Amino acid sequence: MAHEETAVTAPPPTGPVFGLFEQALPGVPLDGAQTPIDTSISVRRDDFSRVMDAAKNDDRLAFDYLRCLSGVDWIEDLEVVYHLWSFRHGHGVAIKVRFPAIDAHVPTVSHLWGTANWHERETYEMYGIVFDGHPDLRPLLTEEGLGYYPLLKSQPLADIEDWQEDYLQA
């Protein structure tokens, strides 16, 4: 029986945006991947502030718009994903920073993009991720001192109350 050769497929190229980050940040380890929409770049928390400053202020990158910011719960780790867009160059990127759930903090970027202020507040409120240096981490959607973070996978679902059961049956 003849052996079939299996083709090893390489990951898709990361695209030109990844190369621009490499040029702007020599010596900073970056892990790039191409998504259907943007280039995705994972960075270490220690390099995060430097990467985000370059994303905003380096003329080759010029990411002037923070489209959104999302928290991700990987159970043992947490991650924040920043989707950025450059109107000047017409390119986008998703920058990811991951850290242990027991040490849930990352520097704020609210001084770079004003929209980060509320995005970071909501992410803190839902995941408990502290954005170091943020001017105001008060909750937006829940009362202060709630005592838990609703979107963490470790947060148990509440029991159904008697009044809710009647509502669900209706």
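**Ground rules.** I am working with a predicted model, in which local features need pLDDT of at least 70 and side-chain atom pairs count only at pLDDT 80 or more, while totals for chains, interfaces and linings use all residues. I number residues from 1 along each chain as its sequence is written, and side-chain values use heavy atoms, with hydrogens and water left out.

Entry 1: I looked up the largest pocket and found about 170 Å³ of space in it. For the record, a pocket is an open set of points on a 1 Å grid over the protein atoms alone, where a 1.4 Å probe fits, with protein on both sides within 12 Å along at least five of seven lines; lining residues have an atom within 4 Å of a point. The volume is the space filled by probe spheres set on the points, which are joined across faces, edges and corners. Which residues line it? I listed Tyr124, Glu125, Leu137, Pro139, Thr142, Glu143, Glu144, Gly145, Leu146, Gly147, Tyr148 and Tyr149. They divide into 6 nonpolar, 3 polar and 3 charged (Ala, Val, Leu, Ile, Met, Phe, Trp, Tyr, Cys and Pro are nonpolar; Asp, Glu, Lys and Arg are charged; the others, Gly among them, are polar).

**Entry 2: rings.** I counted 4 aromatic pairs. My rule: rings of Phe, Tyr and Trp (its six-membered ring) pair if their centres lie within 6.5 Å, with planes under 30 degrees apart stacked, over 60 edge-to-face and the rest tilted. One of the pairs is Tyr65 with Phe87, tilted because the planes stand at 40°, with the centres 5.6 Å apart. This pair links distant parts of the chain, 22 residues apart: Tyr65 is in strand S3 (residues 65–73), and Phe87 is in the loop between strand S4 (77–86) and strand S5 (91–100). Helices (H or I, at least four residues) and strands (E, at least two) are DSSP runs, numbered from the N terminus. Tyr65 is partly exposed at 35% relative accessibility, and Phe87 is exposed at 57%. I call a residue buried under 20% relative accessible area, exposed over 50% and partly exposed in between (1.4 Å probe, protein chains only).

**Entry 3: salt bridges.** I found 8 salt bridges, each a side-chain nitrogen of Lys or Arg within 4 Å of a carboxyl oxygen of Asp or Glu. Among them is Arg88 with Asp59, at 3.6 Å, N to O. Arg88 lies in the loop between S4 and S5 and Asp59 in the loop between helix H2 (45–57) and S3, so this bridge ties together parts 29 residues apart in sequence. Arg88 is exposed at 54%, and so is Asp59 at 55%.

**Entry 4: around Arg121.** Arg121, Asp136 and Arg138 form a network of salt bridges. Asp136 meets Arg138 at 2.7 Å and Arg121 at 3.9 Å. Is Arg121 buried or exposed? I have Arg121 as buried, at 7%, whereas Asp136 is partly exposed at 22% and Arg138 partly exposed at 45%. The charged end of Arg121 also sits over the ring of Trp118, 5.7 Å from its centre (the rule is NZ of Lys or CZ of Arg within 6 Å of the ring centre and within 35 degrees of the ring normal).

**Entry 5: backbone.** Most residues other than glycine have a negative phi. Ala62 has a positive phi, near 50°; this residue is in the loop between H2 and S3 and is buried at 6%. Ile75 also has a positive phi, about 70°; Ile75 lies in the loop between S3 and S4 and is exposed at 58%.
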